[in-house]
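Please keep the structure open while reading, and look up each residue as it is named.

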Amino acid sequence: MGINQNILFGNVLTNEGGGYHPNLGVFIAPQSGVYVFSSAIMTNINKEQYSAIAVNGNLVAQIYGHADNGRHDQGSQTVVLKLNAGDEVAVQNRQSNGDVWGSQFSSFSGCLVWL
């Protein structure tokens with residue numbers, strides 16, 4: 001996974017309004033308002049993972065995990081954002097050797113909380 005590449009979350013449980021685009025790994029705000037986003041990223045065994053929640057490509061919150069001793073680690077962030085319709089929110093890899101453990105241990109979610 002390259003630096004600043006969107007992390008893809010392919011197992012979509014709910015996508016009311018169709019804002020999340022799993023093939024691109026990006027949420028595009030269907031309308032202006034205040035949103036809450038949360039992400040948890042699990043590292044692979046004995047690896048580090050730097051990632052971030054980004055809006056329109058700009059870093060908003062960083063996520064870090066450092067696994068050692070044959071174990072995984074998990075970092076998470078939650079942010080409240082005022083978005084305009086069309087703004088893009090994604091979780092991005094922030095290092096050249098990003099190593100994310102999927103299998104439903106890593107997640108990204110968001111919802112509109114106020115217009």
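Strand β7, which covers residues 88-93, is mostly covered in this predicted model, for 5 of its 6 residues are buried. The strand pairs in the antiparallel sense with strand β2 (residues 26-28) over 2 bridges, and with β4, again in the antiparallel sense, over 5 bridges.

**The sheet around β7**

- Strands of a sheet pair through backbone hydrogen bonds, and this pairing may be either parallel or antiparallel.
- Here 5 strands form an open sheet with antiparallel pairing, and their order is β1-β2-β7-β4-β5.
- The edge strands of this sheet are β1 (20-21) and β5, each of which pairs on one side only.

**The hairpin of β4 and β5**

- Strand β4 (residues 48-55) and strand β5 (residues 58-66) are joined in the antiparallel sense by 8 bridges, and Val 55 stands opposite Asn 58 of β5.
- These two strands form a hairpin with 2 residues between them, and in its turn Asn 56 has a positive phi of about 50 degrees.

**The nonpolar core**

- The largest nonpolar core has 18 residues, and those that touch the most other members are Phe 27, Phe 37, Leu 83, Val 89, Val 91 and Phe 108.
- At least two residues of this core are supplied by each of β3, β4, β5, β6 (74-83) and β7.
- If residues up to four places away in sequence are not counted, Phe 37 touches several residues, among them Phe 27, Leu 83, Val 89 and Phe 108, and its contacts also include Gln 77, Thr 78 and Ser 109.

**The largest pocket**

- Rolling a probe the size of a water molecule over the atoms shows where empty space is left.
- The largest pocket holds about 690 Å³ of space, and 28 residues line it, of which Val 12, Leu 13, Thr 14, Phe 108 and Ser 109 lie nearest its centre.
- Two or more residues of this lining come from each of the elements β3 (33-43) and β9 (107-114), and the largest share, 6 residues, comes from β9.

**A buried threonine**

- Thr 43 is found in strand β3, and this residue counts as buried because its relative accessible area is 0%, which is under the 20% limit for that class.
- Not counting residues up to four places away in sequence, Thr 43 touches Glu 48, Gln 49, Gly 65, His 66, Ala 67, His 72, Asp 73, Asp 99 and Trp 101.

**Asparagines with positive phi**

- Asn 4, in the segment before β1, has a positive phi of about 65 degrees although it is not a glycine, and it counts as partly exposed because its relative accessibility is 39%.
- Asn 46 lies in the loop between β3 and β4, and this residue, which is not a glycine either, has a positive phi of about 60 degrees.
- With a relative accessible area of 45%, Asn 46 is partly exposed, so this residue falls between the 20% limit for buried and the 50% limit for exposed.

Definitions and conventions:
Residues numbered from 1 in each chain as written. Predicted model: local features only at pLDDT ≥ 70, side-chain atom pairs only at ≥ 80, totals over all residues. Heavy atoms only, no water. Pairing = 2+ DSSP bridges. Helix = DSSP H or I, 4+ residues; strand = E, 2+ residues; numbered from the N terminus. 1 Å grid on protein atoms, 1.4 Å probe; cavity = no way out; pocket = protein on both sides within 12 Å on 5 of 7 lines; lining within 4 Å. Points joined across faces, edges and corners; volume = space filled by probe spheres on them. Buried < 20%, exposed > 50% of the residue type's maximum accessible area, 1.4 Å probe, protein only. Core = buried A, V, L, I, M, F, W, Y, C linked by side-chain atoms within 4.5 Å. Contact = heavy atoms within 4.5 Å.
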